[in-house]
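Please look over the sequence and the model before reading on.

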Amino acid sequence: MSSLNQLTVTEATEKLAKRECSSEDIVRAVLAAIEKNDKQVGAYLTVDAESALAQAKEADVARARGETKPLLGIPVGMKDLLNVKGQPCTCASKILKGYVAPYDATVVAKLRVAGAVILGRLNMDEFAMGGSTENSAYQPTKNPWDLSRVPGGSSGGSAAAVAADEALATLGSDTGGSIRQPAGFCGCVGLKPTYGRVSRYGLTAFASSLDQIGPLTKTVKDSALLLSAISGRDAMDSTSLDAPVPDYAAQLGGDLKGLRLGLPKEYFIEGLDAEVEQKVRAAVAKCRELGAEIVDISLPHSKFAVAVYYIIATAEASANLARFDGVRYGLRVDGEDPIDQYGKTRAAGFGQEVKRRIILGTYVLSSGYHDAYYLRGQKVRTLIRRDFEAAFQHCDAILTPVAPSAAYKLGEQINDPLKMYLGDIFTIPVNLAGNCAINVPCGFTQEKLPVGLHIIGPALREDVILKVGHAYEQVTDWHKQKAAVSGQLSAIS
Amino acid sequence: MNYIANVGLEVHVQLKTRTKIFCGCPTTFGAPPNTHVCPVCLGYPGAMPAMNAEAIRLTVLSGLMLGCQINPASKMDRKNYYYPDMPKNYQISQYDQPLCLGGGIEITLADGSKKKIGLTRIHIEEDVGKNMHFTASSGIDFNRAGTPLMEIVTEPDIASADEAMAFLEALKEILAYGGVSDVNLEEGNLRCDVNSSVRPAGQEKLGTKTELKNMNTFKGVHRALSYEIARQISELEKGGRIRQETRRWDDLAGVTLAMRSKEEAHDYRYFPEPDLLPIVLTQAQVTEWAKALPELPEKRRARMMSDYGIPEYDAGVLSADKALADYFEATATLVKNPKAASNWIMTTVMAKLTELHLTIGEVKITPAQLAKLINLVEAKTINLPTAKEIFELMFAQGGDAGEIVKAKGLAQVSDAGAIEKIVDEAIAANPKVVADYKGGKEASFKFLVGQVMKLSKGKANPALANELLKKKLG
C-alpha cells in the first residue's frame, strides 16, 4: 500500500469517508514528505505546519459531526502569488519580503468552503515571469524526475510538489503556459481554465487579461474535482463569467466516439523535439483507438503569438507591478525623496527578468510606440482568437505537444531569454484566445523525463478536455509512475 | 492692443455615492486617517476593482442635465504615473471613450446677456489619497483614495475671471439640484484645474496656455485667473512669450508661480483597464435614469413665477436651492395666497435657518403645517403677531397650528360685543388718557388700542378694536 501522501485526491476522499484515515494523518504524511524531500526538490518557500494541522483537525471534527464537503480534509498547496490571510505572499520576489496577506483570495475562500486544508507556499518564477522557476529570488526548484533539471514554470513549485508527492494537489496560475508546461515537465495533470471561469481576486496579477488560476493534480478526475470547487462568478472579479459550474468529475467517463480532435499543422514544426513529437503522435493514435475522429486544422496566426504575448503581457505587467514601491508594504529602501525611494526599492527588490519585462512593457506603451506595438498586438490577438473560433467549427478539441521539449537542465536556458520564451510557443495562443486547456502525461523520453499531451478546448468546455484527458488516462499508466524522489520516500515510509 | 482670453476648466466633482468607486469602503468625510480603507483602495497585491454602478448613473444624470451626448460604449483606462498618494501607481480613469460628450451651460453676463460655455466631455475616475507633512516625516491618508470623481472638461470658451465664476456657480447649482454631488467646497467636493491663454484681438489662433492646478475655492479661481490673464497680457506687451507650463496659485502672495514646464510633462501610457468590463449603456437604461432628472433651476424659476404668480425676485431666491424650492411649492399649493407662502418662507423661515445654521431639510415644520398656519392668518382666525408666536412654538417642537391655537386659546376675538366690553373697561380704567385724547393728543389713542389688546391677551381683532374705540370716544 502506498503511503498517504502518495494518494490522489479521489483516493484520499474515499479513505476519509470510510474512516480509514484522518485528515490529520494525511497532512502529517505530506508534512513528512516535505521534511524528507523538499531540501532536494525545493518546491516550498514556506510551510505553516501548525496551521495545516489545525485545519486538518477541524476537518476531522467536522467529519465526525457528519459533515460532508467535496474536499473535506484534503490538503492543497498554494502558489506563492495567491493571497491567504495571515500567510506570506512573496510571489518569490524580494520586493514582497515581509508582506503578510490581509485577506483570502476567492479561490482560497472557495477551497475553505469545500473543506480543504490550505497548505504551504509554493515556489515560482518571480511574479510568474519565466518558464523554469529559476527566476525565484529565493531558491531554484528541481524536477523530481531528475534533480539536475528544471520543473518548468512559472508554477514549478506547484508541479514539483505534486510529482514528488509533497502535496495531493496544488493551485498554480497560467498566463502563457505556467500551469501546463510545468505539469508537462513534471508528469502531472495541469489545467488552465477558460479566462473568467475562475475568479482572479487575490491572485497577484502578472498580466490581468491572460492570468487564470488552475489546479495541478495527479489525475484528471482530481483536476475536475478541484475545478468545480474553485470555479464560478465572483462579484470581486468583474471579468469572472456568470456561467453555471457543473460537477465536472461526475461527467467523466466513456470513450471518445463522436468526438473530433483537431491537429493544428502549425504546431508540429521544426524545433519540436523528435521524442516529444513521437510520444504526442502516439497519444493521438490512442485517442483515435478510443473512437475519436482526428482532423487536420490550421491556426495560421499562432506563429505571432509569442511576439504578441510579450507585448500585451509586459504592458499589463508594467502597470500591475507599479504598486510595489515600498510605500505601503514589502521591501523599502529609503531615498532622498519619493522618486529616489521608488528607484532604490525597485532596483533592490526586483530580479533581472522582472525588470526586463517592466522595461519592455513600459516601452510598448510609451507615446510614439503605443500604436505600433500595443495596439497592433491587440489586433493580432483578435486574429489568434478568431483562428480558434474557426478551428472549433471543425473539431471539439485540439491536440498538441505542451512544450517543444522535455525538461532541460538547470542553467541551460536562463541566459537565453528568447529560447526560454519560445518554450511557451504551444501554450501562449490559448491564453491570448481565452480558451481552456489541460496537460495530461503521455509518456517518457529515453531519459525517463515526462512528456505532456496538451488538449485545448473552446471557451467554457472544460468538460470536453477533461473527458478526452480522462479517457486517455484510463487506457495508459503514465500518471501512475512515480518520480525518482517520491519513490525514495515511499521505500522509507 | 486689446487681448482676448480663452479659458478652459477641468472640474473634478465628487459624486454622491455611499461607497467608493471600486470597493465597499464608505465615502464619508472626516474619519480618522486610514480607517476607510481595504485591500482594493490600498492597492494590495491581488485586489481587484469592481465598478460602483451608482457612480455611472450619477455621471450620466449630470451629462443629461448638462446637455451632453451619453456614450453608449465607454471603457475605463489605466493612467500610469508614480506618486505616493496613488496606491497602485496608476489611476483608473477614462481616456478616449468618456461617458459623456459635448453639452454646455448658459451663463448670464454682467450686461444681462446670455453666453453658452461648451463642454468637451465628462469622464469618471478614482480620487487619490492625501499626503500629509509633519515636522520630521510625512504620511498618507488613503481614506479619500477611490472616492468617485467625475471630471467635467470645458471648451476654451470662458473669456474672463467673471465668466469662470459664473460658470462654476451655475455648474454647482445644477449639480446640487440633480443630487449628483454635495458640491461641498470645504470638503473638497469640487476642485478645478484652470487652463488659460491670451491672444491679440483679431488673431484666430489661440495663444500658448498655462495650467493652474487644483484650485478649490471659487474666489481663488477668480483671483488667480484675474492675475494670470493680466500676467500673460503684460508678458506679451513687453514683447515676451508665454511658456507652456503648469503654475501654482500662491493665495497669500496673490501671484501664480511656475511649477513645471511641458517638457517635463508625463507620458501617462494609457491603456484599457483589463480588470473592468467595457461600460455599455442602452438607450432604455438611459431613458429610465432620465426619469429621475429634476427640473433645472432656470426652468423652474420661470415656471414658479407663472404657476404661483410670485415676482421674479422671489422665484430667484426660492429656486436657488432645490430643497427650498420643493418646500415652497409644497406649501404654496396648500394656501389660498401663494405670495403669502413666499413671504413667510423668504422672511420668517429663512431668517430662522440663517440664525440657527440649519438647512431646510432639518426644519420640523412640514409644508402642510406651515400652510395651515398661513391659512389661519388669511382667514383672520389669528392675527400676525400671534401667528409668529405659534411659528416659534412649531419651530421648536413641530405640531399643528390649529391645535396650538385651540390649546392655548389664541384664536382672535372678532365678536363685537366681547370687544366692546373690553373697550369700555379700557376707557374706564384710563380717564386721564381719554381726556388727553379728547384734548387733541393723537398718541393717546394708540395707547388705548394697546390697552385693549393687552386686556384681550392679544386676541382682539385689531381692526375691530380700533373701530369700536373710535366710536366710543366719539
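Setting aside neighbours within four places in sequence, B:V286 contacts B:V60, B:I70 and B:L281. The model is a predicted one.

**B:V286**
- B:V286 is part of helix α4 of chain B, which covers residues 283-290.
- B:V286 counts as partly exposed because it has 16 C-beta neighbours inside 10 Å, whereas a buried residue needs 20 or more.
- Although B:V286 and B:L64 are 222 residues apart along the chain, their C-alpha atoms are separated by 9.0 Å.

**Nonpolar cores**
- The largest nonpolar core contains 229 residues, and A:V117, A:I455, A:V468 and B:F167 have the most contacts inside it.
- To this core, α9(A) gives the most, with ten residues.
- Another core, of 31 residues, lies apart from it and includes B:L318, B:L370, B:V377 and B:I382.
- Beyond its neighbours within four places in sequence, A:V468 is in contact with A:L256, A:L259, A:L261, A:C287, A:A397 and A:I455.

**Contact between chains A and B**
- Chain A puts 35 residues into the contact and chain B puts in 24 residues.
- On the side of chain A that touches chain B, the elements giving two or more residues are α9 (305-320), α10 (338-349) and α11 (352-365) of chain A.
- The residues on that side of chain A comprise 19 nonpolar, ten polar and six charged.

**Domains of chain B**
- Chain B is split into domain 1 (3-287), domain 2 (295-408) and domain 3 (416-473).
- The C-alpha centres of domain 2 and domain 3 of chain B are 34 Å apart.

Definitions and conventions
Residues numbered from 1 in each chain as written. Chains lettered and ligands numbered in written order. Predicted model: local features only at pLDDT ≥ 70, side-chain atom pairs only at ≥ 80, totals over all residues. Domains from an automatic or database assignment. Contact = placed C-beta atoms within 7 Å. Helix = DSSP H or I, 4+ residues; strand = E, 2+ residues; numbered from the N terminus. Nonpolar A, V, L, I, M, F, W, Y, C, P; charged D, E, K, R; others polar. Core = buried A, V, L, I, M, F, W, Y, C linked by C-beta atoms within 7 Å. Buried ≥ 20, exposed ≤ 12 C-beta atoms within 10 Å, placed from the backbone.
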